[in-house]
Amino acid sequence: MQAIDALLTRRSARALTEPAPDAGALELIFAAAARAPDHGRLRPWRFILVRGPARARFGALLAEQLRRTHPQIGEESLERERLKAFRAPLIIVVAAHCDPAVKIPVIEQTLSAAAAAHAMMLAAFALGFNAMWKTGAAAYDATVKEALVGFLYFGTESGERAPAAPSEWRERVRELP
């Protein structure tokens, strides 16, 4: 797949199943992440792989965050939260490990981690997999994270493909007079 094809046709998956990217594909996906723009060469991104039995522990963490922040929540809602960990066979938690003591603004460090996440999604797509980027309240909870960018769900797309998002960009671009 040509790079321009991946850029113009990638879209988030609706449903993901096995197989997830294997070790060789993950090497390429992480190598792509390492090429993200990185002012100051700080490498502010960190990745945590969640797969296999760890998905149940991750789901429990999500449910506990919901219970802690919404004490009146029902068991059905907590179970839905737990099941988010099973949206895909592999979850990669993307974190921005920002250093406020350096001259590079924290926002640029965070954006670098986000760019790394996007590069990972493009690489997975180019390799025949797909992904979806999710955050939700847990990604912003101090107990769950320090500076998470989000959760990337990886696998092989299944079911009905999501329609392509509108690609009209002209209304979002202007030239400085």
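Is Lys-84 buried, partly exposed or exposed, and what is its relative accessibility? In this predicted model, Lys-84 counts as partly exposed, at 27% relative accessibility.

**View 1. Salt bridge between Lys-84 and Glu-81.** Whereas Lys-84 is partly exposed, Glu-81 counts as buried, with 11% relative accessibility.

**View 2. Network of salt bridges linking Glu-75, Glu-79 and Arg-82.**

**View 3. Salt bridge between Arg-11 and Glu-157.** The closest N and O atoms are 3.1 Å apart. Arg-11 is in the loop between α1 (3-9) and β1 (16-17) and Glu-157 is in strand β5, so the contact ties together parts 146 residues apart in sequence. Arg-11 has 8% relative accessibility and counts as buried.

**View 4. Tilted aromatic pair of Phe-30 and Phe-47.** The ring centres are 5.4 Å apart, with 35° between the planes. Because Phe-30 lies in helix α2 (residues 23-33) and Phe-47 in strand β2 (residues 45-51), the pair ties together parts 17 residues apart in sequence.

**View 5. Edge-to-face aromatic pair of Phe-58 and Phe-151.** The centres are separated by 5.2 Å and the planes by 80°. Phe-58 of helix α3 (residues 54-69) and Phe-151 of strand β5 (residues 148-157) are 93 residues apart; both are buried.

Terms used. Residues are numbered from 1 along each chain as its sequence is written. This is a predicted model: local features need pLDDT of at least 70, side-chain atom pairs count only at pLDDT 80 or more; totals for chains, interfaces and linings use all residues. Side-chain values use heavy atoms; hydrogens and water are left out. Rings of Phe, Tyr and Trp (its six-membered ring) pair if their centres lie within 6.5 Å; planes under 30 degrees apart count as stacked, over 60 as edge-to-face and the rest as tilted. Helices (H or I, at least four residues) and strands (E, at least two) are DSSP runs, numbered from the N terminus. Buried means under 20% relative accessible area, exposed over 50%, partly exposed in between (1.4 Å probe, protein chains only). A salt bridge is a side-chain nitrogen of Lys or Arg within 4 Å of a carboxyl oxygen of Asp or Glu.
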